[in-house]
Amino acid sequence: MKTQIKRIITGLFFCLAFNLSQAQQSNDTQKCRYTKTNYGYLMVLREGDNVLSQIENLAKEQKIPSANFTGIGFAQDATFGFYDFGEKKFHPKTFNKVEMGSITGSIAWSENKSSIHMHGVATDDKFDAYGGHILALKVGTGSMEIYITVNDEKLERKIEQPLNANVLQLPCVK
């Protein structure tokens, strides 16, 4: 009888632990990634989030015509690219477990798809800094905050030659 009661209690304990674990995972996936502000949006991204994808999704979901943004936070991986004008391509370099001391960029559109242009500065545990054009960025332990200021006018990017660069197009002021 005692053995049977122990089995029942143990079984109940494991069921309770499993349900709590599932509830915690569900809460983590349902956390809001952004909120509306007076100037646009505030994003709070968490470990594993792809920063460029999250900004692209926000631009699409909220139909942001154009915007500029700044940010800070921890990165699991930050891939910078240095543009080689002769080869007309980026040479990438990835840094792991860095702190993004500064992120800045813009949101525009290219062929009905959001187009993100992002630069930043990352520091490692020795306080060495690396910076430039960001090709990929994944949030590390902790979080990343992105402050997005929305503009009223829709802006486009187009590939311009001879550099093969995706350049923001501005309407002329009259």
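Modeller: This is a predicted model. In its largest pocket, 22 residues form the lining, and Tyr83, Phe90, His117, His133 and Asn166 lie nearest the centre. The volume of this largest pocket is about 550 Å³.

Biologist: What makes a residue part of the lining of the largest pocket, and how many residues qualify?

Modeller: A lining residue must have an atom within 4 Å of a pocket point. For the largest pocket, 22 residues line the space, so each of them meets that cut-off.

Biologist: Which elements supply at least two residues of that lining, and which gives the most?

Modeller: Helix α2 (51-61) does so, together with the strands β3 (66-84), β4 (89-110), β5 (113-123), β6 (129-151) and β8 (165-169). The most comes from β5, with six residues. By class, the lining of the largest pocket holds ten nonpolar, nine polar and three charged residues.

Biologist: How do you know which classes are found in the lining of the second largest pocket?

Modeller: The second largest pocket has a volume of about 200 Å³. Its lining includes Phe74, Ala75, Val98 and Phe127; Ala, Val and Phe count as nonpolar, so these are the four nonpolar residues. Lys97, Glu99, Asp124 and Asp125 also line the second largest pocket, and since Asp, Glu and Lys count as charged, they make up the four charged residues. The lining has four polar residues as well, among the lining residues being Gln76, Thr123, Gly140 and Thr141. Two or more residues of this lining come from each of β3, β4 and β6.

Biologist: Why are β3 and β4 called paired, and which way do they run?

Modeller: Pairing requires at least two bridges. Between β3 and β4 there are 16 bridges, so the two strands pair, and they run antiparallel. One of the bridges joins Ala67 to Ile107 in β4. In the hairpin of β3 and β4, four residues stand between the strands, and Lys88 takes a positive phi near 60°.

Biologist: What makes β3 and β6 a pair?

Modeller: The criterion is again at least two bridges; 14 bridges join β3 to β6, so they pair, and they too are antiparallel. The partner of Gly73 in β6 is Met144.

Biologist: Where is confidence lowest, and where is it highest?

Modeller: Helix α1 (residues 2-29) is lowest, at a mean of 53, and strand β2 (residues 40-46) is highest, at 98. Over residues 20-27 pLDDT stays under 50, and the model has zero contacts there beyond four places in sequence. For the protein, the mean pLDDT is 88, with 83% of residues at 70 or more.

Methods:
Residues are numbered from 1 along each chain as its sequence is written. This is a predicted model: local features need pLDDT of at least 70, side-chain atom pairs count only at pLDDT 80 or more; totals for chains, interfaces and linings use all residues. Side-chain values use heavy atoms; hydrogens and water are left out. On a 1 Å grid over the protein atoms alone, a cavity is a set of points where a 1.4 Å probe fits but cannot get out, and a pocket is an open set with protein on both sides within 12 Å along at least five of seven lines; lining residues have an atom within 4 Å of a point. Grid points are joined across faces, edges and corners, and a volume is the space filled by probe spheres set on the points. pLDDT is the predictor's confidence in each residue, from 0 to 100. Contact means heavy atoms within 4.5 Å.
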